[in-house]
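Please read the following points beside the structure.

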Amino acid sequence: MDDQLRRAAEAARGFMPAAEGLALYEAAASLDVDGPLLEVGSYCGKSAVYLGAAAQQAGRVLFCVDHHRGSEENQPGWEHHDPEVVDPDLGVIDTLPYFRRTISDAGLEEIIVAVVGDSPTVASLWATPLAMVFIDGGHGAGPAHRDYEGWSPHVTPGGLLAIHDVFEDPADGGRPPYEIWFRALSDGCFREQSAVGSLRVLRRVA
Ligand code: SAH
Ligand code: MG
């Protein structure tokens, strides 16, 4: 990965450890099928820079779907709350300005298209086959399973489905990302391709 982009990704606010971000980049860079990339859950754009770097090299577009109001776990009182991303007038989270700044600093504005809205709503109207989908949106059971159901059908044959925060041991973190990873394998449409930290990458085989 380009050094400047790697530094931009590491400088961004967010929840993607460098080793997992690089693995995400490597997976996207290894794609040998056509189509754009799409991530669900962008927050301030950290993972988007890793995926965007691969998209840029291959002449692809990266769609970043997020309502930018934060997941349950980003709200005040929860583990992943950052008071700095709360809009002072509205009193609600707004990560869109941080996202835009990250993408601008990384020089990826021509590669990345922000889709600001509710993931299941966008998924229900989506029609373009995707070379890769990265799921890192809401981590509650409802949101995680809806993201899997809404987006995994859009992964093109030979394309990749990546899921973040998959913890085999419940002591390490919440269950839903693990459940959808397990579901993807059990459904028979995906096969495990790689695993780094809590990042799992699957390939569509059917
Ligand atoms: N990938 C990011 C972290 C994402 S945090 C990084 O690299 O740092 C999870 C994100 O999912 C939050 O920004 C939240 O706003 C978004 N999200 C949660 N539920 C959503 C929904 N239903 N529709 C759209 N975005 C959602
Ligand atoms: Mg995550």
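1. A polar side-chain atom of S71 lies 3.5 Å from an oxygen atom of ligand 1. Another oxygen contact involves D66, whose side chain has an N or O atom 2.7 Å from an oxygen atom of the ligand. At D118, a side-chain N or O atom is 2.9 Å from a nitrogen atom of ligand 1. A polar contact here is a pair of N or O atoms within 3.5 Å. Taken alone, ligand 1 exposes 590 Å², and the protein buries 93% of that; accessible areas come from the Shrake-Rupley method with a 1.4 Å probe.

2. The model is predicted: local features need pLDDT of at least 70, side-chain atom pairs count only at pLDDT 80 or more, and totals for chains, interfaces and linings use all residues. Residues are numbered from 1 along each chain as its sequence is written, chains are lettered from A and ligands numbered from 1 in the order in which they are written, and side-chain values use heavy atoms, with hydrogens and water left out.

3. Which residues come nearest to ligand 1? Of the 22 around it, they are F15, S47, D66, S119 and D136; a residue is near if one of its heavy atoms lies within 4 Å. This shell has 4 nonpolar, 13 polar and 5 charged residues, with Gly counted among the polar ones. Helices α3 (46-58) and α5 (119-124) each supply at least two residues of the shell; helices are DSSP runs of H or I with at least four residues, and strands are runs of E with at least two.

4. Ligand 1 takes the space of the largest pocket, which has a volume of about 890 Å³. A pocket is an open set of points on a 1 Å grid with protein on both sides within 12 Å along at least five of seven lines, and its lining residues have an atom within 4 Å of a point. A molecule sits in a pocket if more than half of its atoms lie within 2 Å of its grid points. The lining has 42 residues, of which S71, E73, G137, G138 and H139 lie nearest the centre. The largest share, 3 residues, comes from α6.

5. The structure also holds 1 cavity of 30 Å³ or more, a cavity being a set of points where a 1.4 Å probe fits but cannot get out. About 50 Å³ of space lies in the largest cavity. Its lining includes I135, D136 and H164.

Terms used
A polar contact is a pair of N or O atoms within 3.5 Å; within protein, one must be able to donate a hydrogen and the other to accept it, and residues adjacent in sequence count only if both atoms are side-chain atoms. Grid points are joined across faces, edges and corners, and a volume is the space filled by probe spheres set on the points.
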